[in-house]
Amino acid sequence: MDPVLIGRRNLRAHPRGWGGASVPLALASLLAIVIALGAAQGSVHDPSGPVALRTNPAVTYISGTQVPSPPASFAFRAPSLRQGAYVMRPGKSAPTITLSAAGSLYASYLSSMAGAGWTLVAQQVPSPSGEWTLNWRFQAQTAVVQFFMTPKPRLDVTICPPNPYC
């Protein structure tokens, strides 16, 4: 407002305080609570120790990994390591892999990996052509299991680490 219309004394706002001692006391109390909670949380430890994947003696695993091998009924050849992935193809005497067989392989990996302690992170359910992908994680390790029908049936298992591209 114009100081000519209203005197300067009426234009000044009254100084506002911090509310006496209540605000600094509340801030000090809040700081003490945060420090106490941080100290209490830092002293809590997990008595169970490090968690490990569960192995099942009835299940065979891809050598050097804790990822189950495909069921023997699929007659996959021994895996070959190509570009950081274990690649498995059906043997010459293997039965033809149908869409229902691709679905049963998918279900087999869902149950065996979850039973071993892996956590499912992402999945692509079997497509109309029978192809699917499962992405699993256990602590800092990732396993990507992919099944392809074309051009020829193939099961790929990629373990990270050591593969840096997962």
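Modeller: Two rings of Phe, Tyr or Trp (its six-membered ring) count as a pair if their centres lie within 6.5 Å. Keep in mind that this is a predicted model.

Biologist: Okay, so which residues do ring pairs link into a cluster?
Modeller: There are five aromatic pairs in the structure. Some of them chain together, and the cluster they make consists of Tyr-106, Tyr-109, Trp-132 and Phe-147.

Biologist: Are the rings of Tyr-109 and Trp-132 stacked, edge-to-face or tilted?
Modeller: Stacked needs planes under 30 degrees apart, and edge-to-face needs over 60. Here the centres are 6.3 Å apart and the planes sit at 45°, so the Tyr-109 and Trp-132 pair is tilted.

Biologist: How many residues apart are Tyr-109 and Trp-132?
Modeller: Tyr-109 belongs to helix α3 (residues 99-116) and Trp-132 to strand β4 (residues 132-138). That makes this pair a link between distant parts of the chain, with a separation of 23 residues.

Biologist: Is Trp-132 buried or exposed?
Modeller: The cut-off for buried is under 20% relative accessible area. Trp-132 has a relative accessible area of 1%, so Trp-132 is buried.

Biologist: What about Phe-74 and Phe-76: stacked or tilted?
Modeller: Both of these Phe residues are buried. Their ring centres are 6.0 Å apart and the planes meet at 25°, so this pair is stacked.

Biologist: In what sense do β4 and β5 pair?
Modeller: The two strands form a hairpin with two residues between them, and Gln-139 in the turn has a positive phi of about 50°. Trp-136 stands opposite Ala-143 in β5. Over seven bridges, the sense of the β4 and β5 pairing is antiparallel.

Biologist: How many bridges join β5 to β6?
Modeller: These two form a hairpin as well, with five residues between them. Thr-142 stands opposite Cys-160 in β6. The strands run antiparallel, and the number of bridges joining them is seven.

Biologist: Is Gln-146 buried, partly exposed or exposed?
Modeller: Gln-146 is in strand β5, and its contacts beyond four places in sequence are Trp-132, Thr-133, Arg-154, Leu-155 and Asp-156. Its C-alpha is 4.4 Å from that of Thr-133, which is 13 residues away along the chain. With a cut-off of under 20% for buried and over 50% for exposed, a relative accessible area of 23% makes Gln-146 partly exposed.

Biologist: Last one. With which side chain does the side chain of Asp-156 make a polar contact?
Modeller: Asp-156 lies in strand β6 and is buried, with a relative accessible area of 9%. Leaving out residues up to four places away in sequence, Asp-156 touches Tyr-86, Val-87, Val-144, Val-145, Gln-146 and Phe-148. Its side-chain polar contact, at 3.0 Å, is with the side chain of Arg-154.

Note on methods. Residues are numbered from 1 along each chain as its sequence is written. This is a predicted model: local features need pLDDT of at least 70, side-chain atom pairs count only at pLDDT 80 or more; totals for chains, interfaces and linings use all residues. Side-chain values use heavy atoms; hydrogens and water are left out. Buried means under 20% relative accessible area, exposed over 50%, partly exposed in between (1.4 Å probe, protein chains only). Helices (H or I, at least four residues) and strands (E, at least two) are DSSP runs, numbered from the N terminus. Contact means heavy atoms within 4.5 Å. Two strands pair if DSSP finds at least two bridges between them. A polar contact is a pair of N or O atoms within 3.5 Å; within protein, one must be able to donate a hydrogen and the other to accept it, and residues adjacent in sequence count only if both atoms are side-chain atoms.
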